[in-house]
Amino acid sequence: MAGQPAPPPLPAFFEYAAEPSWRAVEFISDLHLTSELPATFERWALYMRETSADAVFILGDLFEVWVGDDVRAMGGFEADAADVLAQSASRRTLGFMAGNRDFLVGVDLLRDCGMLALPDPTVLDAWGQRVLLSHGDALCLADVGYQAYRAEVRSPAWRRAVLARPLAERLQLARTMRDASQAHQRSQVTWADVDPAAAVAWMHAVGAHDLVHGHTHRPGSEVIAPGFTRHVLSDWDCDASPRRAQVLRLTRDGFARIELGP
């Protein structure tokens with residue numbers, strides 16, 4: 001398609017091997033937690049306390065916005081969320097991958113909460129299966145404008161410049177960026193989806209037959225080429241009707257989707 005960039009080469013990726021004793025790994029993404037959605041926050045906190053999984057991998061957009069790890073000093077929602085993460089990480093392996101909303105999560109939050117940093121992409125090696133994990137936005141190639149924006153805000157120079165600003169300025173910048181993002185979404189006839197050819201190229205390069213990603217808010221599993229399957233994570237919204245709160249679970253028997261009750 002004219003104007004669409006070439007499929008991106010596979011970035012340097014991280015590999016994580018599951019412990020032999022593990023029985024289950026669970027994946028969540030796109031909760032977009034905010035103080036404005038208290039029911040979603042409470043359902044997430046309950047899930048993080050009660051899940052029986054040996055590991056939970058958060059694949060981006062846990063938060064609607066994160067303006068820097070120092071925001072926890074204000075107390076309130078961000079500090080409460082950090083407490084939930086720390087308590088969960090004391091019971092199981094907890095991995096965090098940045099999304100397009102919370103890419104300013106830094107080493108301070110990860111360290112203080114005991115979370116494992118998951119670069120995008122990461123390969124999980126569990127029970128003889130190799131699973132490619134990604135937030136998914138880097139593979140939405142049809143949205144050329146977003147890809148240009150992503151390259152800018154993910155650069156170390158942009159990150160340093162923004163984090164050097166006072167917290168109040170960062171909060172205002174976040175509101176402006178959020179409004180612009182929502183306006184961009186409303187302008188799209190359909191949201192860009194992951195490019196299948198690029199996804200298969202990444203899976204082939206790392207020797208994985210399954211891709212788990214979020215970002216698109218289109219939950220489901222589908223074969224995108226012979227021998228290659230993608231599993232799209234659900235977004236969460238327990239303040240809406242109907243409510244949404246779904247987990248993707250991986251065991252020795254394969255993948256299963258779990259709908260969380262009230």
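This is a predicted model: local features need pLDDT of at least 70, side-chain atom pairs count only at pLDDT 80 or more; totals for chains, interfaces and linings use all residues.
A residue is termed exposed when its relative accessible area is over 50%, and buried when that area is under 20%.

The strands were examined next. Strand E2 comprises residues 25-28, of which Val-25 and Phe-27 point one way and Glu-26 and Ile-28 the other way, and all are buried. In a regular strand, side chains alternate between the two faces of the sheet. Strand E2 runs parallel to strand E3 (residues 55-59), to which it is joined by 4 bridges. Within this pairing, Ala-55 of E3 is the bridge partner of Val-25.

Strand E8 (residues 210-213) likewise has Asp-210 and Val-212 directed one way and Leu-211 and His-213 the other way, and all are buried. Two parallel pairings involve E8. Strand E7 (residues 129-134) is joined to E8 by 4 bridges, and Val-131 stands opposite Asp-210. Strand E10 (residues 228-232) also pairs with E8 in the parallel sense, over 4 bridges. Here the bridge partner of Leu-211 is Arg-230 in E10.

Asp-210, a residue of strand E8, is buried yet has no salt bridge. The nearest side chain of opposite charge is that of Arg-257, at a distance of 9.7 Å. The cut-off for a salt bridge is 4 Å between a side-chain nitrogen of Lys or Arg and a carboxyl oxygen of Asp or Glu. The side chain of Asp-210 does, however, form a polar contact of 2.8 Å with the side chain of His-231. With neighbours within four places in sequence left aside, the contacts of Asp-210 are Arg-130, Val-131, Leu-132, Met-203, Thr-229, His-231 and Phe-255.

Met-203 belongs to helix H7 (residues 196-206), where Ala-198, Ala-199, Val-200, Trp-202, Met-203 and Val-206 are buried. The elements that cover the buried residues of H7 include strands E6 (122-126), E7, E8, E9 (220-225) and E10. At the start of H7, a side-chain oxygen of Asp-195 comes to within 3.2 Å of the backbone nitrogen of Ala-197. The helix is followed by Gly-207, which has a positive phi near 75 degrees.

A further aspartate, Asp-235, is located in the loop between E10 and strand E11 (246-251). Asp-235 counts as buried because its relative accessibility is 9%. Its side chain takes part in a polar contact of 2.9 Å with the side chain of Arg-244, and in another of 3.5 Å with the side chain of His-217. When residues up to four places away in sequence are not counted, Asp-235 touches Ser-29, Asp-30, His-217 and Arg-244. Pro-219 is 16 residues from Asp-235 along the chain, and the C-alpha atoms of the two are separated by 7.8 Å.

Methods:
Residues are numbered from 1 along each chain as its sequence is written. Side-chain values use heavy atoms; hydrogens and water are left out. Buried means under 20% relative accessible area, exposed over 50%, partly exposed in between (1.4 Å probe, protein chains only). Lys and Arg count as positive and Asp and Glu as negative; His and the chain ends are not counted. A polar contact is a pair of N or O atoms within 3.5 Å; within protein, one must be able to donate a hydrogen and the other to accept it, and residues adjacent in sequence count only if both atoms are side-chain atoms. Contact means heavy atoms within 4.5 Å. Two strands pair if DSSP finds at least two bridges between them.
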